[in-house]
Amino acid sequence: MALLRPLLGIVGSTALYYLMRHLGVGVYAALVVGAVLSLVPACVSLLRGNRPGGLEAFFTVLLFASFSISLVPGDERFLLAKDAVVTSGVGLWFLASLWWADRPLAYQFARPMVEGRLGWPGDWEGLWEREPWFRQMWRTASTLWAIGTLLDAGARVVMAYTLPPDVVPALNLATYLATAVVLNVVTTVVYVRAGALGGRRRVRM
């Protein structure tokens, strides 16, 4: 349920954009107001003392970054492409975690949600220390997320500067969903092939 808050922010801001455009508001103003609205669920949660973790934290950071970029002066095309700046930053974050973080970013996001649940083994820290295949699996997953989000960013720039402005917000939302679904499917295949899921490998606990 916690993850619904940032997702509601993203969906709600897109819906508000189209409502405002229907009422005659300009593209630029509708985009800025939508960016402000997208923060409301996350801000309410933070004010109540809830500290986001895992994917909720990830999406919350995206929303605040997207809002911050909306404050940068520019034309409506720049605002339409702002999510590309965010997703490219995410891709670089995944890449950087391969070299400068103790654990790859995919590992950090997944562990709070699935360690010891849903067919996953427990004691991930022990597996990380003992099992080379486990370390390689998460490095591969983080690399795939980096590539996927950087490609996502490139697609957003192309859409923002080539398509009619009123088409782009809906496509941006669809791109979020498509990227998440594709990358989750691809990385799940990686996990199964590595033996972390499906019982193909006997995990030494």
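**Helix packing in a predicted model**

Student: At what angle do helix 6 and helix 7 pack?

Tutor: Helix 6 (residues 82-100) and helix 7 pack at about 100°, and their axes are 7 Å apart (lines fitted to C-alpha atoms over the stretch in contact, with angles from 0 to 180 degrees between N-to-C directions). Helix 6 is therefore roughly perpendicular to helix 7 (65 to 115 degrees). This is a predicted model, in which local features need pLDDT of at least 70, side-chain atom pairs count only at pLDDT 80 or more, and totals for chains, interfaces and linings use all residues. Residues are numbered from 1 along each chain as its sequence is written, and side-chain values use heavy atoms, without hydrogens and water.

Student: Which residues make the contact?

Tutor: W93, F94 and S97 of helix 6 meet L105, A106 and F109 of helix 7 (heavy atoms within 4.5 Å). The contact of helix 6 with helix 7 comprises 5 nonpolar residues, 1 polar and no charged.

Student: And how do helix 7 and helix 9 cross?

Tutor: The axes of helix 7 (residues 105-114) and helix 9 (residues 132-162) cross at roughly 105° and come within 7 Å. Helix 7 and helix 9 are therefore roughly perpendicular to each other. Helix 7 contributes L105, A106, Y107 and A110, while helix 9 contributes F134, W138, A141 and S142. The contact of helix 7 with helix 9 has 7 nonpolar residues, 1 polar and no charged.

Student: Turning to the whole chain, how many helices and strands are there?

Tutor: The chain has 10 helices and 0 strands (DSSP runs numbered from the N terminus: H or I of at least four residues for helices, E of at least two for strands).

Key:
Parallel < 35°, antiparallel > 145°, perpendicular 65-115°, else oblique. Nonpolar A, V, L, I, M, F, W, Y, C, P; charged D, E, K, R; others polar.
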